[in-house]
Amino acid sequence: MVEHPSKAIRWWPLWVVIILAILGTLVTWIWDAGHRQDKILLTTMIVIGTIILGILWLLFFSEMRWRFRLLVLTVIVLGVFLSNNLFQFKGFSGDLVPIFEWRWQEGQTAVQFNSENLSVPQMSITDYPQYLGQHRNGVISTTKLNLDWESAPPKLVWRRPIGAAWSGFAIAGNSAITQEQEGAWEKVVCYALHTGDVKWSHQDRARYNTSLAGLGPRATPTISGNRVYTLGSTGILNCLDFETGEQLWTTNIFEEHTADAPTWGVSISPLAIGELVVVSAGGAVAYHRETGEVAWIGYRTKSGYSSPFLTTLAGVEQIVIFNQGLVTAHDPLSGELLWMQPWPTAVECVSQPVPLSDDKLLVSSGYGVGAKLFQISRNLTGEFNVSTIWETIYLKAKFTNIIYYNNYLYGLDDGIFACVNPADGTRQWKRGRYGHGQTLLISDVLLVLTESGEVVLVDPNPDTHIEHARFAAIKGKAWNTPALAGDYLLVRSDREAACYQLPTINTEY
């Protein structure tokens, strides 16, 4: 058999593909269009397209011997097979970057309890009963932290595995309550704050899961008196007994009001005020806290992902809700619409609006939109007026929250910490790549739980970015809001929860 001489390898098509991929990536990141998540998604598509075109070149255009082509293809297939068996896909980060982990990596840890803390059983009487604390603004003024974590580091009280969810903890007394997913069941679980032991749990048959948004419920429970109010990822609103977890009443708010639930799961934490519990189900809805009967229905609109909160603007107490494409304010007793302000409809409305002094309201969202500062006023007839003072692209809160302290704004601008002057919207500085985590203000220091599970103390200094201390607190993706009751810090991710006792200075309650 006569063997034909081998042809020269045709490299130029492959070089064309690689050069186009490089140029496409450079244009994507240099060209000032679209937001960070769009650029990452487009870059991922370029990489995948380059790999596919590279394989097509190998098989049909390279002019290599078929024996060698098949050998290279076999190596590629074997590599994919090994990768699939060595790594597991764990969803996406807040920037839409795929997350992979070793399959044998420790997914859950056994309950750990630090017995040294048994000798210090004291606990603050200051509770953290709902999303973002007592005033639903992420500000805690009753605890002052010792910032020297080298000589006085945080002490681990307990650590334990936990079901997947993006819910935070609500704390009252020795009870810390959160939501989590276990198989086909959404669970409300009450843990003992000092030990991590389960005190009670309630479950509903419901499940939400997507690769982008993750698995499990999203909203943080609300503790009010002897009741616990929870809202699951599909819209199940529960009223539970605080001591036992017994279900007192329940409803699905979206089915009841013939409304569409948010696409990426319900993350609306119930607001308990007086005799009412307020949520957003196609607009603001209030229930009687004892019976579950509808008290009033507000302006109808598509629900967003943020939670209702109570504030006073232009001298009038009102409930503000950041809905999809619309910010609305309602009278707490009647649900009457006081004012509304449009917002870009193409973005997810997650971050809580922030009331500022002099009847101003800051609203921010991610996906390239940024922040706007509104002035709320009333005319001589009592009607409300909303005007825009300024808007900026320098504060894009995706699903984190912004802190207002000493006349400056602090928060994560698309995953990077930033300080903005609320007088005109100018940026003071932008540093600290913490990812899409969460922030609290503890008296005079900012506590940031990063997306990767680190706790960082940041100085609220408008002149420069200063880190006081940091430590690795939990494993997993930490989109969950932390909770602080006295000196007990509760943090959780999509796989575990931990309680730390933070060093404090002259703490009196």
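What I am showing is a predicted model. In it, the ring centres of phenylalanine 471 and tyrosine 500 are 4.9 Å apart and the planes stand at 75°, so this pair is edge-to-face. The two residues come from distant parts of the chain. Phenylalanine 471 belongs to strand E35, residues 467-472, and tyrosine 500 to strand E38, residues 496-501. They are 29 residues apart.

How many aromatic pairs does the structure hold? There are 13. Another of them joins tryptophan 343 to phenylalanine 374, again edge-to-face, with 6.4 Å from centre to centre and 75° between the planes. Tryptophan 343 is in the loop between strand E23 (337-342) and strand E24 (354-356), while phenylalanine 374 is in strand E26 (residues 370-378), so the contact ties together parts 31 residues apart in sequence.

The charged end of lysine 372 sits over the tryptophan 343 ring, 5.4 Å from the ring centre. A second case of this kind involves arginine 205, whose charged end sits over the ring of tryptophan 185 at 5.2 Å from its centre.

Last item: a cluster. Which residues make it up? Tyr410, Phe417, Trp429 and Tyr434 are linked into it by ring pairs.

Methods. Residues are numbered from 1 along each chain as its sequence is written. This is a predicted model: local features need pLDDT of at least 70, side-chain atom pairs count only at pLDDT 80 or more; totals for chains, interfaces and linings use all residues. Side-chain values use heavy atoms; hydrogens and water are left out. Rings of Phe, Tyr and Trp (its six-membered ring) pair if their centres lie within 6.5 Å; planes under 30 degrees apart count as stacked, over 60 as edge-to-face and the rest as tilted. Helices (H or I, at least four residues) and strands (E, at least two) are DSSP runs, numbered from the N terminus. A charge sits over a ring if NZ of Lys or CZ of Arg is within 6 Å of the ring centre and within 35 degrees of the ring normal.
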